[in-house]
Amino acid sequence: MKSMRKLTHSVIPSVIATAVMFSPAVFADEWKYVMEEGLSDPQGLYAVKFKEEIEKNSDHTIKIYPVGTLGESADAMEQTQAGLLQFIDQSPGFTGAMIPEAEAFLVPYLQPTDPKVVREFFKKGKAVNEMFHEIYREHGLELLAIFPEGEQVVTTMEEFRNPEDLEGMKIRTMTSPLLLETYKAFGASPIAMSWGELIGALKTNMVDGQENPTIWIEAYGLDELTKVLTYTGHGQYTTAVMANSDFYDDLNRKDKQLIQSATAVAHSYILDEVVKMDEIGLNKIKETNPGYKIVRLTEAERAVFKQRAVAVEQKYIDKAGKRGAAIIKQMRKDIAAAM
Ligand code: 6CS
């Protein structure tokens, strides 16, 4: 799209250019938006709202590519960085392999779990809204929004209450290295894999469990493939929406404003939606799978895992450096303020 526009400027004679100026439809672009989820999942709800706003307020259109249509998360990121796609929703659970600072959202027992605090943290927090922009820019990405999708809960074949119980359990994680460190620290044997491999891995007992928010577990039948769902309280599934930064920089002021306004509307909308999602997900699981065991670790049980999380946080800081340490510090301040 970018190259077409440059070509247009250099070769079209001025008479045609004048005609073009009076025909706004000529400047209408189709922007491609890839995500890791389906249209009715949180990323999909956000994308559809964003698309509606863009199309309502301009002649541009958005084509959404849901999960599976353009390969796995890593493939989609490559295509976005190469400029073949304009927008991408990718979670730190995958992006963290490329941007270590983004793994702040994966540090166990850092993020809040109370939905109202979560909303404030993501809506107003300085860490979320100010500290990552420059970092993503270094990777050719214009960061637009970061939002949660619900509390991470662990589904396994057997109940666990402490790290000893997790010994030998093969837990699938997304591909960010800090997730492997987390589950190692928790006593399990983690295996990183893309989303596309997980269902098969559960069916063939290549893995014994995984983590995800309830809304996703229910939607993709992960409860049907495991026997116990455990609330450990260790994290919040987080995702981020970005644009290719060259594409973004080449836009005129009006289009940048259009994207920022659509982002603000979609962000506000999804933050309200996700507050309800954990509960909706859990209720649906209880309804459709009444025999499924649901465990909430007690504070005393959580304390053992929290103790193990300290070393994981240090691993994050070792990799993400001073910037990472500053992010964690600011996140704690933002959470205190949100409470
Ligand atoms: O576990 C995963 O890989 C997936 N989980 C969610 C909630 N969204 C997309 C991601 O690929």
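Colleague: What makes a residue count as being in contact with Phe87, leaving aside its neighbours within four places in sequence?

Modeller: Contact means heavy atoms within 4.5 Å. By that test, Phe87 touches Trp31, Lys32, Tyr33, Val34, Phe50, Ile62, Thr80, Leu144, Met242, Ala243, Phe247 and Ile259. Bear in mind that this is a predicted model: local features need pLDDT of at least 70, and side-chain atom pairs count only at pLDDT 80 or more, while totals for chains, interfaces and linings use all residues. Residues are numbered from 1 along each chain as its sequence is written, and side-chain values use heavy atoms, with hydrogens and water left out.

Colleague: Which residues have the most contacts inside the largest nonpolar core, and what makes it a core?

Modeller: Phe50, Phe87 and Ile259 have the most, in a core of 69 residues. The term means a set of buried Ala, Val, Leu, Ile, Met, Phe, Trp, Tyr and Cys residues joined through side-chain atoms within 4.5 Å. A second core, of 15 residues, is separate and includes Val153, Ala201, Val207 and Ile217.

Colleague: Why is Val67 called partly exposed?

Modeller: Buried is under 20% relative accessible area and exposed is over 50%, with partly exposed in between (1.4 Å probe, protein chains only). Val67 has 30% relative accessibility, so it counts as partly exposed. This residue sits in the loop between β2 (61-65) and α4 (73-81); helices (H or I, at least four residues) and strands (E, at least two) are DSSP runs, numbered from the N terminus. Leaving aside neighbours within four places in sequence, Val67 meets Met35, Glu36, Glu37, Gly38 and Trp195.

Colleague: Why are α6 and α14 called roughly antiparallel?

Modeller: Axes are lines fitted to C-alpha atoms, for helices over the stretch in contact, and angles run from 0 to 180 degrees between N-to-C directions. Under 35 degrees is roughly parallel, over 145 roughly antiparallel, 65 to 115 roughly perpendicular, and the rest oblique. The axes of α6 (residues 115-124) and α14 (residues 253-288) cross at roughly 165°, so the pair is roughly antiparallel. Pro115, Arg119, Phe122 and Lys123 of α6 meet His267, Ser268, Leu271, Asp272 and Val275 of α14.

Colleague: And why do α10 and α15 get that label?

Modeller: Their axes, for residues 177-185 and 299-338, cross at roughly 155° and come within 9 Å, so α10 and α15 are roughly antiparallel too. Among the residues that meet are Leu178 and Glu181 in α10, and Val312 and Tyr316 in α15.
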